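Come along and check the entries against the picture.

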2 protein chains.
Amino acid sequence: MNGGKTVRLIDIANRLGLTVNTVSRALRDKSDIGAETKERVRNTAREMGYIPNSIASSLRKGSSKTIAIVFDNLVNPYFMIMADKIHSRLDARGYASMIFAGYEGGFTTEILGQILSRKVDGIITFLEPDLDVLRILSTNQIPIVLLGRKNTTLEVDSVATDDFKGGYLITEAMIASGAKKIAYIGVPSTVECSVRRLNGMTKCLKDHQVPFYSELSHFVNGESIEQIFHKLKDSQTDAIFCFNDMIALEVYRFAAESGLKVPSELKIGGFDDIQTEFKMPIKLTTIASDRDEIVDTTIRLMLDKVRQKTPYDDYQYVDFDVRIVYGDTT
Amino acid sequence: MNGGKTVRLIDIANRLGLTVNTVSRALRDKSDIGAETKERVRNTAREMGYIPNSIASSLRKGSSKTIAIVFDNLVNPYFMIMADKIHSRLDARGYASMIFAGYEGGFTTEILGQILSRKVDGIITFLEPDLDVLRILSTNQIPIVLLGRKNTTLEVDSVATDDFKGGYLITEAMIASGAKKIAYIGVPSTVECSVRRLNGMTKCLKDHQVPFYSELSHFVNGESIEQIFHKLKDSQTDAIFCFNDMIALEVYRFAAESGLKVPSELKIGGFDDIQTEFKMPIKLTTIASDRDEIVDTTIRLMLDKVRQKTPYDDYQYVDFDVRIVYGDTT
DNA sequence: ATAGCAAACATTATCGTTAATGTCAAGCAT
DNA sequence: ATGCTTGACATTAACGATAATGTTTGCTAT
């Protein structure tokens, strides 16, 4: 276009004999700029290939129109499905998404520094933040929404599924399909929702007078699913409720490799219903929820705070209903 | 900390009776600042909870330390695996990753505007950019690397796998397992790598004197895999080479539902080997490559240009070797 | 004693955009 | 004709950090 240098407002201004401010306001369609001038500015901006510098704009306005999305791990279908929806909804409202991921050690203040230095307008996280993190966010009045992993002990907006009901429903399905000895493979008990799912399961067992074997509950934290699977296999377990579909699929794989028939010899229950977007060779019995609704609520909570329609300290813990999806594993 | 307002360099400066510049240089460990001063600055910065404003820094320095990652769709295991690796490598080098996704209409200049307005230092894309896009990037000297979808007609750094060899190897595996009538399910032929994979397949068929039925080649572009599958089923196809593992898994699902035995009645070949990170109930015969090496090369090409170690117009088309992974589908 | 120099910090200008005021001429009512 | 409004643009001052220069003090060498 103009031989290397990027086009700025001042370049347009000089070309037209106007000032930067007039050009800026013209492009933003402010009312105190003449209609004809606006038209000329828009045209020359296009001709000169002007691209707004949102860094400069952010600095001046104090808002970057960017939302941070925090994962522990990108390679998780459920997170990706949600992230995809979050991203497209934010995009439609003019917000960019910045990824922050790969934090095995949790959501610490160190990570927060990196996020805040980018001057994001808000944070949507799949990772439970530290108390210190929440404190810093609060003093800086940066909104944060915890997604998928509701934690009622934290003062933070949370949007999640009804884990208890999910655990209950999936257990019920396994019992209905003949399960007598049901195991649980979850994630570390520091993750509240894993505990809630297990609680739903034990309640269901009690209601149906099926015994609960606490030694069959596993909270994966480094050990391989394979090891756990083989332990369970030796213990005559006939059903496994898995924290999520990823674990369920892996369990299915080991079952198949060990020659265990699913569902006759082993019933498997998952959680998340990722098969709607990730086509699988088998159909899992799993727990589904209305993800669009969940994401819409998340975005709404976030943007309401970003735009200060909601006071910062007005926390909400939203739970969404779940339903069971019957597959070939029960 | 200090009651709401965010801490800036000038706040530290005032507290210590220094100037902003001195504080700035102290924090960046410049040589013209006294050791004792540096220490005092660092301490009060920590005490006051100073978080650098990288927006301001970016504006002044003209570099945002951010790389754009462009997808057509986030919900694709292969992209996720790669994105995860890209992200963590960039993060280790101090670069943030900004997601741009959901562009069904391709990588157009409109999207580019959004990316460039964010003043990213470079773009890593899984989507083939328009010619206009490349032209604008060139005038602005913004580096771009095309990943996974090498296109030799475009003047752009490309890093990809040896698609031809992959197509050849997978076809060879299907033939070895008894396939006589092999179909192909790819993506639209505007995507060069889909064509290259098919070319590898036809070459292999020729070498092994197995007939090629062009009517069995499909380039999915909206139709459902299910429809195509049933058409192929009616035509007595005994093997299907799928453009990627996602399609292969879906095909497997329909085969299972139709009662077709895999691999005896139907052989299935995939591409990408996503099962290393996504545990599947079955093991696919597929094409693998060294993803770490691919990503490392991508990052190297990118950062070398960002840091101007490589001239902008020095394009490279890097192909990585592939190998076959034998699964239960051949 | 004084030029010369370096260490350590201060001043000033700048990145590109935007908000808050200023200016000025045309149009209107009294 | 005078004052007042208002439309349309200009001026000035931020936003926070950093690069390019300045300034001061103390010390060394001659």
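**Entry 1: where the strands meet**

I began with A:Met98, whose bridge partner in E2(B) is B:Met98. Stepping back, I saw that strand E2 of chain A, residues 96-100, is joined to E2(B) by 3 bridges. The two strands run antiparallel. A reminder to myself before going on: this is a predicted model.

**Entry 2: the contact between the protein chains**

Next I asked how many residues each chain brings to the contact. Chain A brings 55 residues and chain B brings 54. Together the two chains bury about 5000 Å², and carbon and sulfur atoms make up 65% of that area. I give the area here because the size of an interface is often expressed as the accessible area lost when the parts come together.

Then I looked up the polar side of this contact. I found 14 residue pairs in polar contact between chain B and chain A, counting pairs with both residues at pLDDT 80 or more. The number of salt bridges between chain B and chain A is 0.

Which elements of chain B supply at least two residues each to the side that touches chain A? My list has helix H4 (54-61), helix H5 (77-92), strand E2 (96-100), helix H6 (109-117), helix H7 (131-140) and helix H11 (245-257). H5(B) gives the most, with 7 residues. Sorted by class, this side of chain B has 27 nonpolar, 16 polar and 11 charged residues.

**Entry 3: DNA strand C**

I moved on to the DNA. There are 22 residues around DNA strand C, and the ones that come nearest are A:Tyr50, A:Arg60, B:Thr22, B:Gly34 and B:Thr37.

In the side chain of A:Arg8, an N or O atom is 3.2 Å from a phosphate oxygen of DNA strand C. B:Asn21 has a polar side-chain atom 2.7 Å from a base oxygen of DNA strand C. For B:Asp32, an N or O atom of the side chain is 3.4 Å from a base nitrogen of DNA strand C.

The surface near DNA strand C takes at least two residues each from H2 and H4 of chain A and from H2 and H4 of chain B. H4(A) gives the most, with 4 residues. By class I wrote down 6 nonpolar, 10 polar and 6 charged residues for the surface near DNA strand C.

**Entry 4: DNA strand D**

Which residues come nearest to DNA strand D? Out of 21 residues around it, they are A:Thr22, A:Thr37, B:Ser24, B:Tyr50 and B:Arg60. Of the atoms of DNA strand D within 4 Å of the protein, sugar and phosphate account for 67%.

B:Asn21 turned up again here, with a polar side-chain atom 3.0 Å from a base nitrogen of DNA strand D. A polar backbone atom of B:Leu9 is 2.8 Å from a phosphate oxygen of DNA strand D. An N or O atom in the side chain of B:Arg28 is 2.8 Å from a phosphate oxygen of DNA strand D.

Helix H2 (20-27) and helix H4 (54-61) of chain A, with helix H2 (20-27) and H4 of chain B, are the elements that give two or more residues to the surface near DNA strand D. H4(B) has the largest share, 3 residues. The classes here are 6 nonpolar, 10 polar and 5 charged.

**Entry 5: salt bridges**

I looked up the total over all chains and found 34 salt bridges. One that I followed joins A:Arg135 to A:Asp132, with the closest N and O atoms 3.3 Å apart. Both residues lie in helix H7 of chain A, 3 residues apart, which is about one turn of the helix.

Most peptide bonds are trans, and most residues other than glycine have a negative phi. With that in mind, I checked for exceptions. The bond from A:Val262 to A:Pro263 is cis, with omega near 5°, and A:Pro263 is in the loop between helix H11 (245-257) and strand E9 (267-269) of chain A. In chain B, the bond from B:Val262 to B:Pro263 is cis, with omega near 5°. B:Pro263 is in the loop between H11 and strand E9 of chain B.

A:Asp273 is in the loop between E9 and strand E10 (286-289) of chain A.

Note on methods: Residues numbered from 1 in each chain as written. Chains lettered and ligands numbered in written order. Predicted model: local features only at pLDDT ≥ 70, side-chain atom pairs only at ≥ 80, totals over all residues. Heavy atoms only, no water. Contact = heavy atoms within 4.5 Å. Buried area = accessible area lost by both parts, 1.4 Å probe. Salt bridge = Lys/Arg side-chain N within 4 Å of Asp/Glu carboxyl O. Polar contact = N/O pair within 3.5 Å; in protein donor to acceptor, adjacent residues only side chain to side chain. Nonpolar A, V, L, I, M, F, W, Y, C, P; charged D, E, K, R; others polar. Pairing = 2+ DSSP bridges. Near = heavy atom within 4 Å.
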